[in-house]
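How do you read a protein model feature by feature?

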Amino acid sequence: MMEILFVVAIIGVLMLVTIPNFINMRKSTIVKGGMRQFTSDLRAARQRAVTASSLVRVSFLSGNRLYYVLESTNDGTNWSLIGSQNPRYLPENVYLQNSTGTSEFLDSVNDGGLGTLPGILFERN
């Protein structure tokens with residue numbers, strides 16, 4: 001009987017130590033995965049601008065987790081969404097901010113459909 005209590009106590013101590021580490025590891029993995037996806041989307045947008053000889057931009061809603069990938073083949077007059085995953089989402093609790101710490105970005109483009117959204121523009125050269 002004493003041995004069983006001792007084993008249960010050891011298991012309880014191990015769980016107290018390992019469960020918080022697993023929770024932190026899971027959160028870290030989610031954020032890292034989301035940032036990898038966002039970086040991949042930026043690289044793909046840049047590559048598409050060069051290979052398709054078009055303008056490609058990644059636009060996002062200020063203070064939000066949503067972002068869009070758009071393309072224009074007529075020098076920015078009309079924009080169309082690229083791919084089937086629009087809008088795309090950053091992981092929970094991850095937001096894009098400028099260097100002043102606010103969610104306001106000065107560069108923005110009005111595409112008519114989504115309105116004026118700040119974004120990153122990739123040109124064909």
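This is a predicted model: local features need pLDDT of at least 70, side-chain atom pairs count only at pLDDT 80 or more; totals for chains, interfaces and linings use all residues.

The dialogue below goes from the overall fold to single residues.

Q: What share of the 125 residues counts as buried?
A: The share is 27%.

Q: How do I read a nonpolar core, and which residues touch the most other members here?
A: The general idea comes first. In soluble globular proteins, nonpolar side chains tend to be buried together. In this model, the largest nonpolar core has 13 residues. Phe38, Ala45, Val56, Val58, Tyr67, Val69 and Phe122 touch the most other members. Helix 1, strand 1 (55-60) and strand 2 each give two or more residues to this core. Helix 1 gives the largest share, 4 residues.

Q: Which residues form a nonpolar patch on the surface?
A: Val7, Ile11, Met15, Ile19 and Ile23 do. Together they have about 420 Å² of accessible area. Take Ile11 as one case. Ile11 sits in helix 1, which spans residues 2-51. Is Ile11 buried or partly exposed? Ile11 counts as partly exposed, because its relative accessibility is 44% and the buried class ends under 20%.

Q: How do I read a salt bridge, and how many are found in the whole structure?
A: Side chains of opposite charge can pair when their charged atoms come close. A search of the whole structure gives 2 salt bridges. One joins the side chains of Arg88 and Asp41, at 2.9 Å from N to O. Arg88 lies in strand 4 (residues 88-89) and Asp41 in helix 1, so this pair ties together parts 47 residues apart in sequence. Both Arg88 and Asp41 are buried.

Q: Which residue pairs with Glu71?
A: Arg48 does. The closest N and O atoms of Glu71 and Arg48 are 2.9 Å apart. Glu71 is in strand 2 and Arg48 in helix 1, so the pair links distant parts of the chain, 23 residues apart. The two ends differ in cover. Glu71 counts as buried because its relative accessibility is 10%. Arg48, at 36%, counts as partly exposed.

Q: What does the side chain of Ser72 reach?
A: The Ser72 side chain reaches the backbone oxygen of Asn78 at 2.9 Å. The Ser72 side chain also makes a polar contact with the side chain of Asn74, at 2.9 Å.

Q: Which residues does Ser72 contact, leaving aside neighbours within four places in sequence?
A: Ser72 is in contact with Ser54, Leu55, Thr77, Asn78 and Trp79. For Ser72 and Ala49, the C-alpha atoms are separated by 9.2 Å. Those two residues are 23 residues apart along the chain.

Technical notes:
Residues are numbered from 1 along each chain as its sequence is written. Side-chain values use heavy atoms; hydrogens and water are left out. A polar contact is a pair of N or O atoms within 3.5 Å; within protein, one must be able to donate a hydrogen and the other to accept it, and residues adjacent in sequence count only if both atoms are side-chain atoms. Contact means heavy atoms within 4.5 Å. Patches are made of residues with over 30% relative accessible area and no salt bridge: like charges are joined within 9 Å, nonpolar side chains (Val, Leu, Ile, Met, Phe, Trp, Tyr) within 5 Å. Accessible areas come from the Shrake-Rupley method with a 1.4 Å probe; for residues, only the protein chains shown count as cover. A salt bridge is a side-chain nitrogen of Lys or Arg within 4 Å of a carboxyl oxygen of Asp or Glu. Buried means under 20% relative accessible area, exposed over 50%, partly exposed in between (1.4 Å probe, protein chains only). A nonpolar core is a set of buried Ala, Val, Leu, Ile, Met, Phe, Trp, Tyr and Cys residues joined through side-chain atoms within 4.5 Å.
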